[in-house]
Amino acid sequence: MNNQVVIVGAGLSGLRAASLLHVNGISCRVLEARDRVGGRVLSTSVLNRPELGKYDLGPTWFWPQYESKITNLIKELNLGTFIQYTNGAMLLERLHNETPERYMLPDNGNASSFRLTGGMQSLIDALANAIPPGTIELGTRVRALGLDKGGAITIEAELADGERRQISASAVILALPPRIVARHMEFSPPLPPELITDLVNKPTWMAGQAKAVVIYDRPFWRELGLSGFASSRVGPLQEIHDASPDRGSAGALFGFFGIPAKVRHELGQEELKKRVVGQLVRMFGPSAHQVSDFLYKDWSEDDETAVEEDFNPLLNYPEYGQPSVAGGWEKKVFFAGTETNSQFGGHLEGALRSAEKAVSEISKWIGGNERWT
């Protein structure tokens with residue numbers, strides 16, 4: 001079909017855009033380079049031990065008090081939620097040879113964050129199931145986009161087996177990190193230089209980070225009056241939280257690393273695991289030695305997420321927002337993804353809002369374009 005919308009990327013933004021287009025009666029296809037849906041949303045279970053629950057190696061929380069789009073969508077899809085565990089003291093580790101300090105945070109000091117039963121992947125799966133079968137094409141990496149004088153778009157995609165395929169479209173939603181677009185896709189005619197600069201200047205959220213989840217038979221820290229929330233100036237984890245599921249007896253702690261991507265690459269996963277467990281023993285006591293399993297995801301090693309510029313740690317919160325498309329690609333290419341939302345950039349809420357904006361703009365254009373009728 002020549003009048004279809006093609007969405008590149010089956011993360012939260014891409015799937016939400018597809019579901020909204022479907023509801024509005026607009027034909028679309030979703031092309032995803034990975035062999036799975038979800039993008040940076042990734043929930044996984046321990047191999048051969050599903051009873052231990054699922055754990056988020058990507059985004060984990062949302063805040064109903066502030067984030068209306070994701071809150072309403074979760075209610076619409078009838079997904080189970082639970083409050084992130086924060087009862088008890090937090091720990092602060094200032095120096096390697098000093099006992100961590102305990103602090104009681106004031107009640108209602110922070111807005112409660114919520115998690116999804118079964119992990120954030122349950123939101124992805126529910127959205128994917130709401131889209132007509134056959135819409136999503138996995139293992140399909142977009143390499144190039146061409147625009148002819150008549151306004152038709154030709155997409156060149158590479159399949160997992162190396163086969164090349166051409167796909168026609170009248171509009172494209174690029175629902176993936178802006179830097180991936182700038183560094184890994186060719187456009188004919190080229191995108192304006194100022195647009196490329198804008199895309200490169202939008203750091204991919206969490207692309208330079210890695211996440212470790214350490215699983216235990218039970219959340220023993222709660223027995224010690226600890227919330228599982230901890231901050232460390234020693235590392236390797238600089239921020240730690242309780243990652244225990246809401247069901248079953250298993251407990252888990254997860255943390256974000258305070259060491260740069262290139263150093264993590266040099267150390268390797270086994271050395272990092274050793275250092276992480278050693279840190280948890282220092283902070284939470286000898287019971288932290290009794291590890292049931294260890295999950296690790298370094299997003300900087302994910303070629304569908306990160307480019308080399310993302311290896312550098314962020315020093316300040318990025319300035320996110322919608323890229324401005326001018327010239328021949330105007331009203332042909334639309335951007336979605338958390339980096340393209342100025343208010344909630346970096347959050348799942350931003351991903352959803354950007355998808356709604358892209359679909360709204362396409363719908364307005366379709367309404368006034370006879371080729372779509």
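**View 1. The largest cavity of the predicted model has a volume of about 50 Å³.** A cavity is a set of points, on a 1 Å grid over the protein atoms alone, where a 1.4 Å probe fits but cannot get out; grid points are joined across faces, edges and corners, and the volume is the space filled by probe spheres set on the points. The structure holds one cavity of 30 Å³ or more. Tyr55, Asp56, Thr60, Arg115, Val213, Ala243 and Phe254 line the largest cavity, lining residues being those with an atom within 4 Å of a point. This is a predicted model, in which local features need pLDDT of at least 70 and side-chain atom pairs count only at pLDDT 80 or more, while totals for chains, interfaces and linings use all residues. Residues are numbered from 1 along each chain as its sequence is written, and side-chain values use heavy atoms, with hydrogens and water left out.

**View 2. Strand E15 (residues 210-216) is largely enclosed by the rest of the structure, because seven of its seven residues are buried.** Buried means under 20% relative accessible area, exposed over 50% and partly exposed in between (1.4 Å probe, protein chains only). Strands (E, at least two residues) and helices (H or I, at least four) are DSSP runs, numbered from the N terminus. Ala210, Ala212, Val214 and Tyr216 point one way from E15, and Lys211, Val213 and Ile215 point the other way.

**View 3. E15 pairs with strands E19 (residues 293-298) and E18 (residues 251-257).** Two strands pair if DSSP finds at least two bridges between them. E15 and E19 run antiparallel and are joined by six bridges; Val214 has Phe294 of E19 as its bridge partner. The pairing of E15 with E18 is also antiparallel, over six bridges, and here Tyr216 is the bridge partner of Gly251.

**View 4. Helix H5 (residues 193-200) has Leu195, Leu199 and Val200 buried.** Seen down the axis of H5, these buried residues fall within an arc of 135 degrees, so they line one face of the helix; the arc is that of the directions from the helix axis to the C-beta atoms. Exposed Pro193 and Glu194 are on the face turned away from the buried side. The buried residues of H5 pack against helix H4 (178-184) and strand E20 (333-336), contact meaning heavy atoms within 4.5 Å.

**View 5. The largest nonpolar core has 41 residues.** Such a core is a set of buried Ala, Val, Leu, Ile, Met, Phe, Trp, Tyr and Cys residues joined through side-chain atoms within 4.5 Å. Helix H9 (residues 348-367) gives the most to this core, with nine residues.

Note on methods. 1 Å grid on protein atoms, 1.4 Å probe; cavity = no way out; pocket = protein on both sides within 12 Å on 5 of 7 lines; lining within 4 Å.
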